[in-house]
Amino acid sequence: MIRRSMNADDFRRIALSLEGASESAHMGHPDFRANGRIFATIHHDQKSGMVKLTPEQQQHFVRENPEIFVPENGAWGRAGCTKVILRPADEDILGEALTLAWQNSARFERTAKAALPRRKK
């Protein structure tokens with residue numbers, strides 16, 4: 001079986017296939033949101049993107065696939081924002097990373113709602 005390289009259109013297709021995901025724009029490039037939170041972006045170069053992983057998830061992806069995943073620069077990278085180099089990626093690994101980033105945005109929303117004070121009736 002011949003493996004096909006991923007591109008920005010593939011990234012977009014997979015991200016938008018996730019339940020409740022929508023495309024918007026942030027700082028002049030496409031972003032993907034769930035529960036009002038960005039979980040992924042496509043970089044300006046259209047050759048790479050970003051997925052918002054936990055630092056632990058990021059370490060796993062970088063260790064297992066260093067040709068595809070690299071921490072973003074600075075504090076964003078230390079917080080789990082992970083660059084995805086699209087050309088060497090395949091559908092399975094890209095789908096796994098995007099799904100985790102999407103799940104993380106859903107988890108954050110549930111946690112934030114649970115922390116809100118209850119209104120008295």
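**Fold and burial in the predicted model**

Of the 121 residues of the protein, 40% are buried (under 20% relative accessible area, with exposed meaning over 50% and partly exposed in between; 1.4 Å probe, protein chains only). The model is predicted: local features require pLDDT of at least 70, side-chain atom pairs count only at pLDDT 80 or more, and totals for chains, interfaces and linings use all residues. Residues are numbered from 1 along each chain as its sequence is written, and side-chain values use heavy atoms, with hydrogens and water left out.

The protein contains four helices and six strands, taken as DSSP runs (H or I, at least four residues, for helices; E, at least two, for strands) numbered from the N terminus. Their order from the N terminus is α-β-β-β-β-α-β-α-β-α.

Strand β4 (residues 48-52) is mostly covered, with four of its five residues buried. Strand β3 (residues 37-42) pairs with β4 in the antiparallel sense over three bridges, pairing being assigned if DSSP finds at least two bridges between two strands. Within this pair, I42 has G49 of β4 as its bridge partner. The two strands β3 and β4 form a hairpin with five residues between them, and Q46 in the turn has a positive phi of about 60°. Strand β4 is also joined to strand β6 (residues 81-85) by five bridges, in an antiparallel arrangement; here G49 stands opposite V84.

In helix α2 (residues 55-64), Q57, Q58 and F61 are buried. These residues lie on the same side of α2 because they cover an arc of only 100° around the axis, the arc being that of the directions from the helix axis to the C-beta atoms. The exposed residues E56, Q59 and R63 are carried by the face of α2 turned away from its buried side.
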